[in-house]
Amino acid sequence: MRRSSTLSGILSALLLALLTLTAGPGTARADEPHKILIADPFIELHTGPGRGYPVFHVIERGREVMIVKRRTDWFQLRTDRGLEGWAPRDQMIATLEPTGEPLDLQEPARENYMSRRWQAGVAGGDFAGASMISAFGGYAFSDNLSIELTLNHILGEFSTGYSATLGLMHVFVPEWRISPYFTLGTGVIHTEPKSTLVQSIDRDDQIGYVGGGLQFYLTRRFMLRTEYRNNVIFTSRNDNEEVDEWKYLGFAFFF
Amino acid sequence: MEVSGLRLLFLIALAATTLPGCALFRRGDAQLPPATSEQTAAEPVTGEPSDKPIIDPQVERREIRRTRIDTEDFEVGAYVGVLSVEDFESNVVYGARLAYHLTEDFFLEATAGQSRAGRTSYENLSGSADLLTDSERDYTYYALSVGWNALPGEIFLGENRAYNTAFYLVAGIGNTTFAGDDRFTVNGGFGYRILPADWIAVHFDVRDHVYDIDLLGEKKIVNNLEAHLGLSIFF
């Protein structure tokens with residue numbers, strides 16, 4: 001009951017955000033559009049932001065157009081006659097600012113990874129035989145070292161649980177496309193046995209981990225990662241519990 | 001010497017004609033350069049060159065304000081539909097959706113929904129025994145999925161209207177909280193999206209939520225089908 005009420009709270013907050021956002025496009029229109037000069041022999045305008053949408057208009061070299069918005073790798077352009085259409089990024093690279101400089105699309109690339117500060121993502125995996133859904137976010141102090149917060153939702157056959165851990169992550173060679181890293185940290189784990197089981201009670205324990213993984217730079221600001229952690233759960237019983245944790249596949253982005 | 005004198009005169013004339021114009025761009029009462037020719041002409045043409053440039057055009061740099069390009073890769077929305085909970089009737093489901101478009105082909109999607117389970121046929125027939133308490137009949141889920149715009153296209157309404165559409169496939173993992181427990185859930189399905197304008201989308205989605213449940217003693221796989229209609233906005 002408690003959980004469903006928090007979820008409905010989240011839902012209503014999202015709905016509220018949606019309602020406030022509906023005012024968004026109107027205000028965005030009021031912004032001064034970005035003017036550019038076509039430098040390619042011509043640019044083709046598609047009816048939608050995708051390669052399959054038909055070309056319905058062609059803008060020649062030397063014409064001035066406005067960038068209305070961008071979606072993924074497509075730019076919506078408006079001509080002086082009020083026609084709106086979409087052009088791909090490849091064609092936009094050759095366009096110019098009104099000053100004659102090439103248009104800077106500020107494309108995040110692998111080189112930008114070195115200057116990134118924040119990184120976040122989600123992953124799926126296995127925690128001692130139970131399924132695990134994981135969300136993480138980190139802040140980088142330097143090229144190699146960052147601090148990372150991980151939240152896990154552990155869904156097992158006999159119990160479910162949550163864990164929150166804070167740790168350090170050291171990427172050995174961040175400039176490589178596939179780069180190994182080392183991680184070390186501590187946190188808390190909360191375990192609830194399934195309601196069909198009678199005996200045990202909810203537990204809160206401290207957890208410590210050491211692990212390593214690989215991150216793979218995909219494209220633009222996106223990365224994949226896979227990770228292994230060896231957890232030690234400091235239980236209130238006589239023996240500590242050692243648990244293997246695998247994040248099979250995670251998706252991360254930096255900004 | 002003759003040439004430099006001529007050049008100087010030419011430059012003075014140029015300054016005299018252009019500088020009053022430049023003065024229009026100056027704000028406030030900042031010092032204006034002398035626009036009269038007598039003062040500069042009085043200076044000796046020959047002799048020690050002064051450190052000060054003879055002509056200080058005071059032309060303000062044209063300032064280009066680079067407006068940031070409005071990137072609309074996120075999509076937020078809400079949906080309402082019907083969820084069939086296996087053994088527990090069908091009920092209204094409503095939820096929220098956040099999507100991030102990675103490329104024109106792929107997107108990531110987070111959904112959270114809420115519904116309520118009804119009564120099983122067994123409960124109705126036997127009369128007395130209830131399998132679940134009232135609060136255990138609350139059904140909530142969340143899902144993290146990857147989507148693929150498999151068939152982008154357009155639909156045509158009459159002669160003058162065309163709207164962009166996409167038929168997409170979605171699959172992902174998540175959690176379902178039902179009958180008092182959290183259950184790891186795999187979801188998959190398809191959807192159809194129509195964009196009446198570039199910033200708004202209408203969705204029709206069909207999803208299957210699959211998980212294991214051992215409510216009746218034996219573990220079994222459950223398929224809960226959901227169909228919903230949603231509205232979302234790009235930002």
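Q: How many helices and strands make up the secondary structure of chain A?
A: This is a predicted model, in which local features need pLDDT of at least 70 and side-chain atom pairs count only at pLDDT 80 or more, while totals for chains, interfaces and linings use all residues. Residues are numbered from 1 along each chain as its sequence is written, with chains lettered from A and ligands numbered from 1 in the order in which they are written. Helices (H or I, at least four residues) and strands (E, at least two) are DSSP runs, numbered from the N terminus. For chain A the secondary structure comes to four helices and 14 strands.

Q: What distance separates the centres of domain 1 and domain 2 of chain A?
A: Domain bounds here come from an automatic or database domain assignment. The assignment of chain A gives domain 1 (32-103) and domain 2 (112-254). Taken over C-alpha atoms, the centres of these two domains of chain A are separated by 43 Å.

Q: Is Ile59(A) buried or exposed?
A: Ile59(A) belongs to strand S3 (residues 55-60) of chain A. A residue is buried if 20 or more other C-beta atoms, placed from the backbone, lie within 10 Å of its own, exposed if 12 or fewer, and partly exposed in between. Because Ile59(A) has 21 other C-beta atoms within 10 Å, it is buried.

Q: Which residues does Ile59(A) touch, not counting those up to four places away in sequence?
A: Contact requires C-beta atoms, placed from the backbone, within 7 Å. The C-alpha atoms of Ile59(A) and Glu44(A) are 6.5 Å apart, although 15 residues separate the two along the chain. With residues up to four places away left out, Ile59(A) touches Ile38(A), Phe42(A), Ile43(A), Leu45(A), Val65(A) and Thr79(A).

Q: What percentage of the residues of chain B count as buried?
A: Chain B has three helices and eight strands, in the order α-α-β-β-β-α-β-β-β-β-β from the N terminus on. Of its 235 residues, the buried share is 29%.

Q: Which residue in the hairpin of S1(B) and S2(B) takes a positive phi?
A: Strand S1 (residues 74-84) and strand S2 (residues 90-101) of chain B pair in the antiparallel sense over 11 bridges. Gly81(B) stands opposite Val93(B), and Gly77(B) has Arg97(B) as its bridge partner. Five residues lie between the strands of this hairpin, where a positive phi near 75° is taken by Asp87(B).

Q: How many residues lie between S2(B) and S3(B) in their hairpin?
A: S2(B) runs antiparallel to strand S3 (residues 106-116) of chain B, joined by eight bridges. One of the facing pairs is Ala99(B) with Glu109(B). The number of residues between S2(B) and S3(B) in the hairpin is four.

Technical notes
Contact = placed C-beta atoms within 7 Å. Pairing = 2+ DSSP bridges.
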